[in-house]
Amino acid sequence: MSTTNTQKQAAKQFVKEWAGKGYEKGETQRFWIDLLHTVFGIDNPTKMMEFELPVKTITKEKGSDFIDGYITATKVLIEQKGSHIDLSAKYRHSSLADLYDETVMPVELRRAHRANDTAVLEAYGFPKDATESDIVARLFKMYQDLTQ
């Protein structure tokens, strides 16, 4: 079996094992450690990932909230929700175009997008006033540096 086929089989097995699970508070860490190890073959995933890190949010007036996971090397923030939570329920009657059109986008979604944009700029060390073209250019440069 090739590496790709091995990984596909591991992914299928992972999905079977995790089917029906999804308790966010009690299973998030085990889920990610299992995924990174079983499917992606990372020997010691806890050395590359941190859990329950405090973050500033726009939804809380004081203090901070917690992000479920953070992969330092790739600057990936993970916010996981329990399997019983339907994240699309609130926007079920909106088209994808509506959800991304600044002129008709729901206010709370626009705030979330802006907060996410700010977090991404911060994570990559980009200036807060960076334009979209500047950000894309910087990201492509980072990708180019990583792949050469």
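## The second largest pocket

By class, the lining of the second largest pocket has five nonpolar, two charged and no polar residues. Here Ala, Val, Leu, Ile, Met, Phe, Trp, Tyr, Cys and Pro count as nonpolar, Asp, Glu, Lys and Arg as charged, and the others, Gly among them, as polar. The residues in this lining are Asp 117, Val 120, Leu 121, Glu 132, Ile 135, Val 136 and Leu 139. Two elements, α4 (107–124) and α5 (132–147), each give two or more residues to the lining. The most comes from α5, with four residues.

The space in the second largest pocket is about 180 Å³. A pocket is an open set of points on a 1 Å grid over the protein atoms alone, where a 1.4 Å probe fits, with protein on both sides within 12 Å along at least five of seven lines; lining residues have an atom within 4 Å of a point. Grid points are joined across faces, edges and corners, and the volume is the space filled by probe spheres set on the points. Rolling a probe the size of a water molecule over the atoms shows where empty space is left.

## Basis of the model

The model is predicted, so local features need pLDDT of at least 70 and side-chain atom pairs count only at pLDDT 80 or more, while totals for chains, interfaces and linings use all residues. Residues are numbered from 1 along each chain as its sequence is written, and side-chain values use heavy atoms, with hydrogens and water left out.

## The chain as a whole

The chain has five helices and three strands. Their order from the N terminus is α-α-β-β-β-α-α-α. Helices (H or I, at least four residues) and strands (E, at least two) are DSSP runs, numbered from the N terminus.

The C-alpha trace spans about 50 × 45 × 35 Å along its principal axes. Of the 148 residues, 21% count as buried. Buried means under 20% relative accessible area, exposed means over 50%, and partly exposed lies in between (1.4 Å probe, protein chains only). Among contacts with a separation of 6 or more, 23% join residues 24 or more positions apart; a contact means heavy atoms within 4.5 Å.

## The sheet

Three strands form an open sheet in the order β1-β2-β3, with antiparallel pairing. Its edge strands, β1 (49–55) and β3 (76–78), each pair on one side only. Neighbouring strands are turned by 40° against each other on average, direction ignored. The axes behind this angle are lines fitted to C-alpha atoms, and angles run from 0 to 180 degrees between N-to-C directions. Two strands pair if DSSP finds at least two bridges between them.

Six bridges link β1 to β2 (residues 65–71) in the antiparallel sense. Leu 53 has Ile 67 in β2 as its bridge partner, and Phe 51 stands opposite Gly 69 in β2. On β2, five of the seven residues are buried, so the strand is mostly covered. Between β2 and β3, which run antiparallel, there are three bridges; Ile 71 has Val 76 in β3 as its bridge partner.

## Positive phi values

Most residues other than glycine have a negative phi. Lys 75 has a positive phi of about 55°, and sits in the turn of the hairpin that β2 and β3 form with four residues between them. Glu 52 has a phi near 50°, also a positive value in a residue other than glycine. Glu 52 is found in strand β1 and is partly exposed, with a relative accessible area of 37%.

Thr 28 lies in helix α2 (residues 24–39). Thr 28 counts as buried because its relative accessibility is 4%. Leaving out residues up to four places away in sequence, Thr 28 touches Tyr 23, Asp 68 and Gln 80.

Pro 45 lies in the loop between α2 and β1 and is buried, with a relative accessible area of 5%. Apart from neighbours within four places in sequence, Pro 45 is in contact with Ile 33, Leu 36 and His 37. Met 105 lies in the loop between α3 (96–100) and α4, and is buried with a relative accessible area of 5%. Not counting residues up to four places away in sequence, Met 105 touches Asp 98, Leu 99, Tyr 100, Arg 110 and His 113.
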